Amino acid sequence: MNPIISTDKIIANILSFEYPRSALENQLREPHFNWDAIVVEGSKQLVLPTIYCRLKAKNLLDIPPADLVHYLEEITSINRQRNLRILAQVQTISKILKQHHIDHVFLKGTALLTLGCYEDNAERMVGDIDILVEKDQVQNAFELLKHSGYPKTNGFDYETKDYRHLDRLISDHELAAIEIHSELFKKKHWSIIEVESVLQTKTLKSNIPLPNLKYLSLHIILSWQLNDHGHYYNTYSLKSIYDILAIKTHKDRPLLDALLNLKYVQSYFELAKLNFIDVSEISSNRYMHYRGKCHFLTSRYRSLQTGLTFLKSTLKFIGNRLHLLFTNTSYLKHIIAHKILKR
């Protein structure tokens, strides 16, 4: 593999809808191309099935080693069957909620699968089934699904306050657990997306309620930027960016301009531009250039990146714990009971 081209860049070229096939083929056919690095990073970024499907769509499966192609084909097939079962779950869950007049929309991966935005549904790896429910119906929805085949929960070590979703509901007979959301982000970011607006503007696909393109796009971006701390660490997710490309958010100029009013969206697309030619025409303002240069510097100097990540992780951990200690008496009791009295 050409050491000048990063592994993430190669993966982005494979996933891209606009990167020239001939240029990609030349890169993949380079002597000593490091397929192991592609597998390691693709697994880390949760896009191995996506890589296989995109190579197949571009008729490039003759290039990787045969044993690797067989491996990717096998995990993609498993993921395809898993997603079919998850889609069946979605239909059943939605039917139950509708029967009890509980307003809801499905989020993230299950919304994308239901929308049918992928050429092959095996492209997308899905964990939990995330459902947004009107706040005053959340507890009813939780109890209803708990008594409809999802009796198990993970539970929390202490009482949560203003958390975006309730305990995960788990079934002995279904693949995916359920997370019922009353909000989409941490409390300080609630105002970015109003739950009522998402529910009032929902669309239907195969009779399944989904967020419209604006809220679907915004939630995909901000789930990474805020919930997964992508903005805090100034890093990107190839999986998340591919989702945005798949639903063609970047092609809807009025929508894109509206989303770019948020600094979190600005930094998201600035880092996406580092790898994906598909979004290269999005112009950058001063703030976006700043975020891009910071990412370039930390990526170039690994010791700097490691040090900053450790420092930011430590500060975030301490800040979160101090916030809990001063605002949540249940957490304080948990600390006293399990960390002090047990000594």
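Leucine 308 is partly exposed, with a relative accessible area of 35%; on this scale, buried means under 20% relative accessible area, exposed means over 50%, and partly exposed lies in between (1.4 Å probe, protein chains only). The model is predicted, so local features need pLDDT of at least 70 and side-chain atom pairs count only at pLDDT 80 or more, while totals for chains, interfaces and linings use all residues. Residues are numbered from 1 along each chain as its sequence is written, and side-chain values use heavy atoms, with hydrogens and water left out.

Leucine 308 belongs to helix 15. Helices (H or I, at least four residues) and strands (E, at least two) are DSSP runs, numbered from the N terminus. Together with Tyr232, Leu311 and Leu315, Leu308 forms a nonpolar patch on the surface, with about 350 Å² of accessible area together. Helix 15 (residues 302–327) supplies the largest share of this patch, 3 residues. Patches consist of residues with over 30% relative accessible area and no salt bridge; like charges are joined within 9 Å, and nonpolar side chains (Val, Leu, Ile, Met, Phe, Trp, Tyr) within 5 Å. Accessible areas come from the Shrake-Rupley method with a 1.4 Å probe, and for residues only the protein chains shown count as cover.

A patch of negative charge on the surface gathers Glu134, Asp136, Glu194 and Glu196. For charges, Lys and Arg count as positive and Asp and Glu as negative, with His and the chain ends not counted; the place of a charge is NZ of Lys, CZ of Arg, CG of Asp or CD of Glu. Aspartate 136 is in the loop between strand 2 (129–133) and helix 7 (138–146) and is exposed, at a relative accessible area of 58%.

The protein chain contains 16 helices and 7 strands. Of its 343 residues, 48% count as buried. The chain exposes about 17800 Å², of which carbon and sulfur atoms supply 55%.

Helix 4 (residues 48–57) is largely enclosed by the rest of the structure, because 8 of its 10 residues are buried. The buried residues of helix 4 pack against helix 1 (7–15), helix 2 (21–28), helix 3 (35–44), helix 5 (66–99) and helix 11 (238–246). Just after helix 4, asparagine 59 adopts a positive phi of about 55°. Serine 237, in the loop between helix 10 (230–233) and helix 11, is buried at 8% relative accessibility. Apart from neighbours within four places in sequence, serine 237 is in contact (heavy atoms within 4.5 Å) with Gln45 and Trp224.

Side chains of opposite charge can pair when their charged atoms come close. With a salt bridge taken as a side-chain nitrogen of Lys or Arg within 4 Å of a carboxyl oxygen of Asp or Glu, the count comes to 15 salt bridges. Lysine 251 and glutamate 18 meet in one of these (2.7 Å, N to O). This pair links distant parts of the chain, 233 residues apart: lysine 251 lies in the loop between helix 11 and helix 12 (253–259), and glutamate 18 in the loop between helix 1 and helix 2. Lysine 251 is exposed at 54%, whereas glutamate 18 is partly exposed at 35%.

Arginine 29 forms a salt bridge with aspartate 62, the closest N and O atoms being 2.8 Å apart. Arginine 29 is in the loop between helix 2 and helix 3 and aspartate 62 in the loop between helix 4 and helix 5, so the pair ties together parts 33 residues apart in sequence.
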